[in-house]
Amino acid sequence: MDASTHRDATGAAFPDGGPAAARAAWQLLGAKPGTVAAMHISYAARAAQKGRTPEAPGYFLKPASSLSTGGDWVVPAGTQIFGFEGELALVIGREAHRVSPAEAWSHVAAVTAANDLGVFDLRWADKGANVRSKGGDGATPIGPTLLDAARLDPAAIELRTWLDGELVQADETGTLLFSLAEIVADLSQTLTLSPGDVILTGTPAGASTFLPGQTVEVEVAATTLDGERVSTGRLATTVRVGEHVLPPRSAQPKATPEQWADASGRPIAEFQPAAEPVLTPRLREQLSTVALATLSSLLRKRGMDNVSIDGLRPTRPGARLVGTARTLRYVPNREDLFRSHGGGYNAQKRLFDSLREGDVVVIEARGETRSGTLGDILALRARHLGAAGLITDGGVRDLDVVTEIGIPTWHAGGHPAVLGRLHVPWSVDETVACGGTTVQPGDIVVGDGDGLLVIPPGIAQELADEAERQEAEESFIARMVEEGHPVDGLFPMDAAWRARFEAEAASEAGA
């Protein structure tokens, strides 16, 4: 019997995703639940990821037929946005009607792992009710075992999620915006909770999408009140695209950029049709050859004096950097904020995983050099994805190894301490301050041994064209001086010399 098959009470085997899969889950619970309630935003890190913090707990309902005990989750043909959300599930043991938070935990019989799955390209038709997107057969796997709630501290239960073996979610109930007892008490104010009912208590940061054939595993673990380490084991679910085609009268899948972004937790820009890049191959080549000093002088002519990132040193002296800024902001460490934003799939990891060829990571670390802001693993990830370089006004951990990795990195020094000593990774692709200047996502960054310049994308092409013309003039002047001509009238060029220069340039262009 493979992992996608279970047995019902009679011992008959059945595949996941249909009524028999739900019956297996009901057997685990000891009863068919009348209510399966699921929370919206509940963890502090998830609220930060979403950019909104709820005033009060919010819920939606899932049918009992959506329950399963894992295995294959079969989705309709033609769908393509499959979201996973590792969660902790509560199983009600005693009827709860208008109970207080103080007494609510005594109404919980068990805790287990859950996965709030969703077909996000079906969400549009149900106006946020999630009926088809999250209520389909097999969309609520739970298990594989139940933990006795009476033996657990509800504020110290851990949740972890893996995608194909890689840890992508990690949090614990101490960071919930609303405690587990408050969630139970709140739900019981307007609906009566009965034995066997299930409450999914929300997902931490890092919930995302997975592809057909990929497997998501969720585990809930804790140390009991008497010191024993317990775990649900890993709840494994693999998404499969079935053969069932939704008929024309049914809502058809709409895989919009908005739904891709919502399901994956990644910026919507990644899923929108690519705009014509500002940093074209021609512009990149121009900016790779003109001197930084020339660009700086032309920016100054435009009244832009505050466009240099100062005080940093390169890992590769002599390397040339040209790329598009992607920004990451760290705020000063505060223990509660690091607990909610520092762990799991935090802002730092999200940025480095989303890098594209030619991106330059620019980190605001407030000039704080007593801690690392990136290290060898992130440098490897950036190199693998084709990033052009890394810039931080803080420290670099594993500096010798980062140097060997080879991706050009400008930094304020090496430091062995980890991120959490002084920094909380806070936000991605926002305006930041780095090395005394302001950097916005999409700015063009140019660097070499002279330093680093930030060029607004709207003027980059005209600046590069003018820089090429100016360097051509300077090359002509230098050649004339080498031939013995006096500098008077030549530097700067008077009308006669300019006419000679332009005639020579026209002749070379026509050659």
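## Overall build

The chain has 14 helices and 29 strands. Helices (H or I, at least four residues) and strands (E, at least two) are DSSP runs, numbered from the N terminus. This is a predicted model: local features need pLDDT of at least 70, side-chain atom pairs count only at pLDDT 80 or more, and totals for chains, interfaces and linings use all residues. Residues are numbered from 1 along each chain as its sequence is written, and side-chain values use heavy atoms, with hydrogens and water left out.

The C-alpha atoms fill a box of roughly 100 × 55 × 40 Å, taken along the principal axes. Of the 511 residues, 51% are buried. Buried means under 20% relative accessible area, exposed over 50%, and partly exposed in between (1.4 Å probe, protein chains only).

## Aromatic pairs

Rings of Phe, Tyr and Trp (its six-membered ring) pair if their centres lie within 6.5 Å; planes under 30 degrees apart count as stacked, over 60 as edge-to-face and the rest as tilted. By this rule there are 6 aromatic pairs. One of them is Trp 73 with Phe 82, which is edge-to-face: 6.3 Å centre to centre, with 85 degrees between the planes. Both Trp 73 and Phe 82 are buried.

Phe 476 and Trp 497 also form an edge-to-face pair, at 6.1 Å centre to centre and 65 degrees between the planes. Phe 476 lies in helix H13 (residues 460-482) and Trp 497 in helix H14 (residues 495-510), so this pair ties together parts that are 21 residues apart in sequence. Phe 476 and Trp 497 are both buried. Elsewhere, Trp 73, Phe 82, Phe 84 and Phe 210 form one aromatic cluster.

## Charges over rings

A charge sits over a ring if NZ of Lys or CZ of Arg is within 6 Å of the ring centre and within 35 degrees of the ring normal. Arg 234 lies over the face of Trp 162, at 3.5 Å from the ring centre. Lys 254 lies over the face of Trp 124, at 3.9 Å from the ring centre.

Helix H1 covers residues 19-29. Its buried residues include Ala 20, Trp 26 and Leu 29. Gly 30 follows H1, and its phi is positive, near 90 degrees.

His 107 lies in the loop between helix H3 (101-104) and strand S9 (108-115). His 107 has 6% relative accessibility, so it counts as buried. Not counting residues up to four places away in sequence, His 107 touches Ile 92, Gly 93, Arg 94, Glu 95, Ala 96 and Val 99. Contact means heavy atoms within 4.5 Å.
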